[in-house]
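Me: I have just opened this one and would like to be walked through it. Could we begin with how far to trust it?

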Amino acid sequence: MAETQQDQLRLESDEIGAHPLIQPLIDRLHLRELFARAFGKPDARLKLPHVDSSLLLVRNFVLSRHPLYGVAQWAQRFEPLRLELSAAQVALINDDRLGRLLDKLFVVDRRSLMTQIIVHMVKEFGIETARIHNDSTSVTFSGEYREGAPRPDGRIAPRIVHGYNKDHRPDLKQLLWTLSITADGGVPVHYNVDDGNVNDDHTHRRTWDILHEIAGTPRFIYTADCKLCSRPNMAHIAERGGWFITVLPKSRKEDGEFKGSIALCPVAWEVIWERPPVRRQSDPPDVYEAYEAPEHSTVEGYRVVWFRSSEKWARDEALRQQAIDRARFELHRLGEKLKPARRRLKQRRQVQAAVDSILQSTGASPWVRVTLVGREQHRHKQQKPGKPTWNTAYLRVTTTVWELVVTVDQQAVRASATADGIFPLVTNLPHDTHAPLDILKIYKYQAFIEKRHEQLKTVAEVVPVNFKSPARIDAFLFLFFVAITIDALLERQLRQAMVAHQLESLPIYPEARPCRAPTAGKILALFANQRRHRLVDADRHVKTFWDPITDAQRIVLQLLAVPANQFGTEP
């Protein structure tokens, strides 16, 4: 709250921000009731109940991510009633109290709480669960995280350890964050936090069982990456009446057999989709072709549909050429180091090891061939030390200098080019209900889950995590899941309203430029600086006035059905 003093007048300013936009969503989700039920009978000794602290953190995570020590100062900028708190409760907020809340939240049955929230959300907002997409990412940590002693309550916190880091930071420890979203607005319906060294293929059966419980039926399409493509995972879903779509890994023999066969005998590809360019209208359309034959199904008997994309075709060709060029450059640099005046690698095995390392690191080993050619070099040196004279004896010393002969195997390049742009999808969806184009369009929505991961790490700023207790981190990530669910609901509600009102875009970018797909971050930032001001003469209220709202803000409020008087403006 900001104050200015002049004579007997003072100006009191409270921040409104985007609170009026997210409060209806919090109310419709029944978060207060569900959190209260999860925490159980309130402790009469608590001056700030755990339910209020939890909702405070959820609001903070949605509107303006702060570390725990900054939440108290952030909360003081708002009128307490907007946070559903009293002025006395706002004064009690500090990082110690919020840290103890996370300790308490960790021992709560968060899995049941999450299921209750999501089941209610699906019914309340009419979320369609016929298609659910799953993916995982790494939440990285800096510092030393040791495994603590067993907890008295028997609960086990996830272990922060080294694993396969998807942020390309193998030097950092991590946790594995798994998220599932619906194809209806990309709304999250499930998350899980696992030890940092857990492999993705061990998470899908457990995740599918929970999604089965949330959806109330096994008849939904579960789409995930290639880690789903294992015999136990696919059988678990198929035997229970579910459907799946996944990517056939390159390690499966079906992939090698098909690509080997088309190198010898091309197949008849069928054009199924000419997708308009997404970024630049001047770009050519992305043309998708499909091929399916019973003899190319998996060993388990599931359908394999082979797709070829013109965009991926060009990208694969460019990546292969980049790998070849990079390998030739690095091999040239190695050749310079092998010259007599500079060489440190003298033995053949040393040079061969350096060549293999370059080919492996650049990924050019399938196409670049390197031959080591040894050239003898002779020199003479005195047999004994001392000043040379007319009868000094000399020894002839012969050394081998290695030269690299680098060639590109054009036949291997042409064989690899036959597989450019190809990606196979495995599914158990019936032929008569889902043609290849249907399967492709379902799978293409998988990219939207990456947006939710990006939202977690950038908009919500979950990284870096400034806690040392894995238990607090686990509880902290649960609240973040609730926060990004609110973000997704806000996006979905606004975009559906745009469709209903036949609006192609909203002028919410700088300089009133149009935005075709408003994100939660852009929507909330549009209202971030809205304030209410009260002019007070001593203890007497003189006047209340509000920051004016723009035309773009008014349009958003109308689409979200938020009364304009929440910002002091007449409808």
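Me: Where is confidence lowest, and where highest?
Reply: It is lowest in strand β1 (residues 2-6), at a mean of 49, and highest in strand β6 (residues 221-223), at 97; helices (H or I, at least four residues) and strands (E, at least two) are DSSP runs, numbered from the N terminus. Where pLDDT is low, the predicted coordinates should not be read in detail.

Me: Changing topic, how many aromatic pairs are there?
Reply: The structure holds 19 aromatic pairs, where rings of Phe, Tyr and Trp (its six-membered ring) pair if their centres lie within 6.5 Å, and planes under 30 degrees apart count as stacked, over 60 as edge-to-face and the rest as tilted. One of them is the tilted pair of Trp-177 and Tyr-191, at 5.1 Å centre to centre and 35 degrees between the planes.

Me: What does that pair tie together?
Reply: Trp-177 lies in strand β4 (residues 173-182) and Tyr-191 in strand β5 (residues 188-194), so the pair ties together parts that are 14 residues apart in sequence.

Me: Is Trp-177 buried or exposed?
Reply: Trp-177 is buried, at 1% relative accessibility, and Tyr-191 is buried too, with a relative accessible area of 7%; buried means under 20% relative accessible area, exposed over 50%, and partly exposed in between (1.4 Å probe, protein chains only).

Me: Which residues do ring pairs link into a cluster?
Reply: The cluster consists of Phe-35, Phe-39, Trp-177, Tyr-191, Phe-478 and Phe-481.

Me: And the sheet, in what order do its strands run?
Reply: Nine strands form an open sheet of mixed pairing, in the order β5-β4-β3-β6-β7-β13-β10-β9-β8, and two strands pair if DSSP finds at least two bridges between them. The edge strands are β5 and β8 (270-275), each of which pairs on one side only.

Me: How do β8 and β9 pair?
Reply: β8 and strand β9 (residues 286-291) pair in the antiparallel sense over five bridges, and Val-271 has Glu-289 in β9 as its bridge partner.

Conventions: Residues numbered from 1 in each chain as written. Predicted model: local features only at pLDDT ≥ 70, side-chain atom pairs only at ≥ 80, totals over all residues. Heavy atoms only, no water. pLDDT = per-residue confidence, 0-100.
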